[in-house]
Amino acid sequence: MLREPYLHPAYDEPEFVVRNLWRLWGGWYDQNPAHLKPAPDAAVATEFANPAGGASVLAQRALKLLEEGELRLAAQLAETAALAAPADLEVARARARVYGERAASDTSTMARGVFHWAAAESAAVAEGTDLETELTRSPDGRKRAAGMISVGVADEDGCGCGAAGEDG
């Protein structure tokens, strides 16, 4: 059904809508008792990173998963590594790469925007710059910042990646 051009999710995604409906009608509790009163994400990340051999080991595993096409799992590990070692340059480079590839492969404007932001955030750490510099470093980044990239047009692959000259 999503093959129909008028049903192509351009801004949001079906899974985001379902999650919001569940939250609206079922509440925020996701049936995982550890999420009821969770520890801070950075503390959990450090606890996972330590026995794994450190944040850089998690970051390297994230890159391996990325190569295997496991983008969601790669993002989880890259994010965990970055939370455990926010100033580590190797970890920042890995996180930037993972989210850069997620942004390039996603179809919804919302997801691409979040992934571009995350990639730029880590690139700023790795390059010693700031978020604005990294968000506008490329021609496409400058177009996004200026609001010049349109949404809602799916190309032959159904990805919407070709809208207004955007490459992903």
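## Helices, core and salt bridges in a predicted model

From the N terminus on, the elements of the chain run α-α-α-α-α-α-α-α.

This is a predicted model, in which local features need pLDDT of at least 70 and side-chain atom pairs count only at pLDDT 80 or more, while totals for chains, interfaces and linings use all residues. Residues are numbered from 1 along each chain as its sequence is written, and side-chain values use heavy atoms, with hydrogens and water left out.

Me: How many helices and strands does the chain have?

Reply: The chain has 8 helices and 0 strands, where helices (H or I, at least four residues) and strands (E, at least two) are DSSP runs numbered from the N terminus.

Me: Why is tryptophan 25 called exposed?

Reply: Exposed means over 50% relative accessible area, buried means under 20%, and partly exposed lies in between (1.4 Å probe, protein chains only). Tryptophan 25, which is found in helix α1 (residues 14-26), has 72% relative accessibility and therefore counts as exposed.

Me: What makes Val17, Leu21, Leu24 and Trp25 a patch?

Reply: Patches are made of residues with over 30% relative accessible area and no salt bridge, like charges being joined within 9 Å and nonpolar side chains (Val, Leu, Ile, Met, Phe, Trp, Tyr) within 5 Å. Val17, Leu21, Leu24 and Trp25 form such a nonpolar patch on the surface, with about 480 Å² of accessible area together, the areas coming from the Shrake-Rupley method with a 1.4 Å probe and, for residues, with only the protein chains shown counting as cover.

Me: What is the largest nonpolar core, and which residues have the most contacts inside it?

Reply: A nonpolar core is a set of buried Ala, Val, Leu, Ile, Met, Phe, Trp, Tyr and Cys residues joined through side-chain atoms within 4.5 Å. The largest one has 25 residues, and those with the most contacts inside it are Ala81, Val91, Val98 and Tyr99. Two or more residues come from each of α3 (55-67), α4 (71-84), α5 (89-105) and α6 (109-127), with the largest share, 7 residues, coming from α3. Valine 98 touches Ala62, Leu63, Leu66, Ala74, Ala75 and Ala78, not counting residues up to four places away in sequence, a contact being heavy atoms within 4.5 Å.

Me: How do you know that the span of α6 is close to the expected one?

Reply: The expected span of a helix is 1.5 Å times one less than its number of residues. With 19 residues, α6 reaches 26 Å from its first C-alpha to its last, which is close to the 27 Å expected. Just after α6, glycine 128 takes a positive phi of about 70°.

Me: What makes the contact between arginine 137 and glutamate 134 a salt bridge, and which label does each residue receive?

Reply: The closest N and O atoms of arginine 137 and glutamate 134 are 2.6 Å apart, and the pair therefore meets the salt-bridge rule. Arginine 137, at 48% relative accessibility, counts as partly exposed, whereas glutamate 134 is buried, with a relative accessible area of 12%.

Terms used: A salt bridge is a side-chain nitrogen of Lys or Arg within 4 Å of a carboxyl oxygen of Asp or Glu.
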